[in-house]
Amino acid sequence: MIRLNLFWISIIVFCDVFIRLFCHGEIYTVGYLTGSERRPGNMDYHRPGLSISGAITLAADEINRLHPLVDGHQLNFTIAETYGDEEESILQVALLWTQKIAGYIGPQETCLHEAKMASGFNLPMISYVSRISFSFIWCFISVLF
């Protein structure tokens with residue numbers, strides 16, 4: 001009986017060592033849509049992304065270093081600038097999709113059309129700022145489905 005238990009313990013230890021040495025987790029890249037810059041000549045845009053973007057970079061770093069994901073998976077971000085413009089935001093959603101991202105965070109000004117696109121791509125989207133209540137509800141619903 002002891003030999004049988006020793007056999008299974010050695011199999012479990014071998015599998016654990018094998019997985020840790022040769023199996024590495026995937027990197028999940030999230031598309032981050034922000035408005036932290038102004039288009040040349042547009043001095044009216046207040047750039048809310050300036051205050052938010054640092055926090056998201058810090059959060060990703062802390063997740064990867066201090067609270068690692070299961071099975072060695074990593075979290076990464078690709079930043080897409082929208083300049084606070086809906087048309088640019090829609091374009092960036094499409095461009096991020098071509099980069100095979102795992103989901104979207106943002107945009108901050110609008111999200112109705114962007115959320116519909118994310119839903120069509122079958123990707124989650126979390127919009128962290130929205131000024132129109134209906135678009136917020138749509139962005140939230142796109143995360144659920």
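**View 1. Strands β3 and β4 pair in the parallel sense.** In this predicted model, strand β3, which covers residues 103-105, is joined to β4 over 2 bridges, where strands are DSSP runs of E with at least two residues, helices are runs of H or I with at least four, both numbered from the N terminus, and two strands count as paired if DSSP finds at least two bridges between them. Within this pair, Y104 stands opposite M125 of β4. Residues are numbered from 1 along each chain as its sequence is written, local features need pLDDT of at least 70, and side-chain atom pairs count only at pLDDT 80 or more, while totals for chains, interfaces and linings use all residues. Side-chain values use heavy atoms, with hydrogens and water left out.

**View 2. The open sheet has 4 strands.** Their order is β2-β1-β3-β4, and the pairing is parallel. Because β2 (74-81) and β4 (125-126) stand at the edges with a single partner strand each, one side of each is left without a neighbour in the sheet.

**View 3. Helix α3 has a buried side and exposed residues on the other side.** The buried residues of α3 (86-98) are E88, S89, Q92, V93 and L96, buried meaning under 20% relative accessible area, exposed over 50%, and partly exposed in between, with a 1.4 Å probe and protein chains only. These residues cover an arc of only 145° around the axis, so they lie on the same side of α3; the arc is that of the directions from the helix axis to the C-beta atoms. On the other side, E87 and T98 are exposed.

Definitions and conventions
Expected span 1.5 Å × (residues − 1).
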